[in-house]
Amino acid sequence: MNRPVPAAAYRWEYSGGTVELAASPTGLLSFRPAAAVLSYPHWGERSEHYDPANCGYGLAEATDLLDEALRQLAEYLAGARRDFTLPYELHGSEWDLRVWRALLRIPCGTTATYGEIATALGNPRAARAVAGACGRNPLPVFVPCHRVVAAAGLGGYSDPGGLPTKEFLLRLEGAL
């Protein structure tokens, strides 16, 4: 599977390392790591955007999208926004894409289990496959994999920040 090349990306240093938010001219591509939200707004000065093709195509559109994503992320973390209204450019297997679209339908402040998502997708035995797709989510927080929990507890969270990040996001949304 080919990975998309971003037209623009912003990088910051934060207490846990480096956070990156990347976009194409048509959608947000990636946000890593989600644990960075724990120290927002204490991220350092963002690096300049870059254009890997060195041709400028789509750079302004992608940069505008990144700026809007940051504005919405700040509102979300301040408790003033519950849903993101951004275009996403998601790349993954057909299963991953189906799971990620299902995640986008989980309302803020609520959770669903891995099994419930699997059942809604027509494969009730695929709870582990749902968990795997959540772990491959390139846009944690924006595509809310943190809202998916195990039948008997929180389950996991594959971001480097692990469960503390998931708990933070669920508390922020009033789901814990």
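This briefing describes the overall build of a protein and then one of its helices. The model is predicted, so local features need pLDDT of at least 70 and side-chain atom pairs count only at pLDDT 80 or more, while totals for chains, interfaces and linings use all residues. Residues are numbered from 1 along each chain as its sequence is written, and side-chain values use heavy atoms, with hydrogens and water left out.

**Overall build**
- The protein has five helices and five strands, where helices (H or I, at least four residues) and strands (E, at least two) are DSSP runs numbered from the N terminus.
- Starting at the N terminus, the order of these elements is β-β-β-α-α-β-α-α-β-α.
- Along the principal axes, the C-alpha atoms of the protein fill a box of roughly 45 × 35 × 25 Å.

**Burial and contacts**
- Of the 176 residues in the protein, 46% are buried, meaning under 20% relative accessible area with a 1.4 Å probe and protein chains only.
- Among contacts (heavy atoms within 4.5 Å) with a separation of 6 or more, 63% join residues 24 or more positions apart.

**Helix H5**
- Helix H5 spans residues 162-172, and its residues Gly162, Thr165, Lys166, Leu169 and Leu170 are buried.
- Viewed down the axis of H5, these buried residues fall within an arc of 130°, so they line one face of the helix; the arc is that of the directions from the helix axis to the C-beta atoms.
- The buried residues of H5 pack against helix H1 (59-77), helix H3 (114-120) and strand S5 (148-149).
- Just after H5, glycine 174 has a positive phi of about 80°.

Definitions and conventions:
Buried < 20%, exposed > 50% of the residue type's maximum accessible area, 1.4 Å probe, protein only.
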